[in-house]
2 protein chains.
Amino acid sequence: MPNHTETTIESELIYSGKIVELRKDTVELSDGTFSTRELVLHAPAVVVLPLLNENEVILVSQYRKPLEKTLLEIPAGLINPNEDPLNAAKRELREETGYTSLDWECLGEYYPTPGFCNEIYHVYLAKNLISGVQDLDEDERISVEVFSVDKLKRYIKNNWIKDAKTVLAFYLSLDKIK
Amino acid sequence: MPNHTETTIESELIYSGKIVELRKDTVELSDGTFSTRELVLHAPAVVVLPLLNENEVILVSQYRKPLEKTLLEIPAGLINPNEDPLNAAKRELREETGYTSLDWECLGEYYPTPGFCNEIYHVYLAKNLISGVQDLDEDERISVEVFSVDKLKRYIKNNWIKDAKTVLAFYLSLDKIK
């Protein structure tokens, strides 16, 4: 692949918050011309497809303020500083749903929006879940939903699930679930 | 699904740029408590899986400043104000790769990062491509790559392609390509 590296000439921090940092960089393109890039910086994340048993999955529903609507998704969350991705996945599954598992598999890592944001998420499949108690962050309101695998397939086929990571994790797991 | 609607109490516009707008909202949760939400506002987008012929796909490689690396992706871009998503898909494919097509199919719409951003992208499959001339934005540096479908499958299976929309669009098209 050709080299189109963009060299940072100047970097302006516009905002540093709880979840995102916003930066505006002036860059030199590979042919010596200049442009600006708006960059959203975001912690790495984990995404978990939780297979309760051979026939059922666990989904979560939560209100997503940027969309002003409630979405059905699989559990996900940010990796804490210095936290191992697998440990973050185990923690987020337990906190958001109460479930734990001894059977974990990593299905890869993906950039959801490389055009403007540096987020990467690690995708996991968790099988044979053991139930427990939800432990949500103070401002999280998450409802747990049990779906049959067939129902999830129907929801995905009809585009009733519109969360990209949920659909991607489902396809990545296809040869591992019934 | 339970109703966890978050009501905006106050909204602060922090930044309004070329690609993103950043807002910080104070919200009232469904149980009457308060929190803040950082919201990145982003135009809707289109994503195109371009099938050159039965055996080959077109990919694009470009430097992604937020990651400081070059990524292999399928063509994608923002929908202009008042532009129809299909027209945006046709325009982005032509601008980024030079190719056009008379054979388009919509494969659904997805939210890549609903936790902090309102972006939605519409996924299209374009078949039987007709070659033409690239027409890039002033600050775009995009190289076109022809991959066999088998090579794309291998790259996806090995997680060598890490762009989520590319892998999602591939799976959504699976029963439509060889």
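Predicted model: local features only at pLDDT ≥ 70, side-chain atom pairs only at ≥ 80, totals over all residues.

Student: OK, stepping back. What's the secondary structure of chain A?
Tutor: Chain A has three helices and 10 strands. Going along the sequence, the order is β-β-β-β-β-β-β-α-β-β-β-α-α.

Student: How much of chain A counts as buried?
Tutor: That's 40% of its 178 residues. The C-alpha trace of chain A spans about 55 × 40 × 30 Å along its principal axes.

Student: Let's zoom in on a helix. How many residues does α1 of chain A have?
Tutor: Helix α1 of chain A has 13 residues, 85–97. From first C-alpha to last, α1(A) reaches 18 Å, close to the 18 Å expected at 1.5 Å a residue.

Student: Which residues of α1(A) are buried?
Tutor: A:A88, A:A89, A:E92, A:L93, A:E96 and A:T97 are. These residues cover an arc of only 130° around the axis, so they sit on the same side of α1(A).

Student: What covers the buried residues of α1(A)?
Tutor: The cover includes strands β4 (45–51), β5 (56–64), β7 (76–78), β9 (121–127) and β10 (142–148) of chain A.

Student: And what comes just after α1(A)?
Tutor: A:G98, which takes a positive phi of about 90°.

Student: New topic: how is chain B related to chain A?
Tutor: A rotation of 180°, with 0.0 Å of shift along its axis, superposes chain B on chain A with an RMSD of 0.0 Å. The two copies are therefore related as by a two-fold rotation axis.

Student: How many residues does each chain bring to the contact?
Tutor: Chain B gives 53 residues and chain A gives 53 residues. Among the elements of chain B with two or more residues there are β1 (7–16), β2 (20–28), β3 (34–42) and α3 (164–173). The chain B side divides into 25 nonpolar, 14 polar and 14 charged residues.

Student: Why do we say the copies meet through the same surface?
Tutor: Because 100% of the interface residues of chain B are also interface residues in chain A.

Technical notes
Residues numbered from 1 in each chain as written. Chains lettered and ligands numbered in written order. Least-squares fit on C-alpha atoms with pLDDT ≥ 70 in both. Contact = placed C-beta atoms within 7 Å. Helix = DSSP H or I, 4+ residues; strand = E, 2+ residues; numbered from the N terminus. Expected span 1.5 Å × (residues − 1). Buried ≥ 20, exposed ≤ 12 C-beta atoms within 10 Å, placed from the backbone. Arc of directions from axis to C-beta. Nonpolar A, V, L, I, M, F, W, Y, C, P; charged D, E, K, R; others polar.
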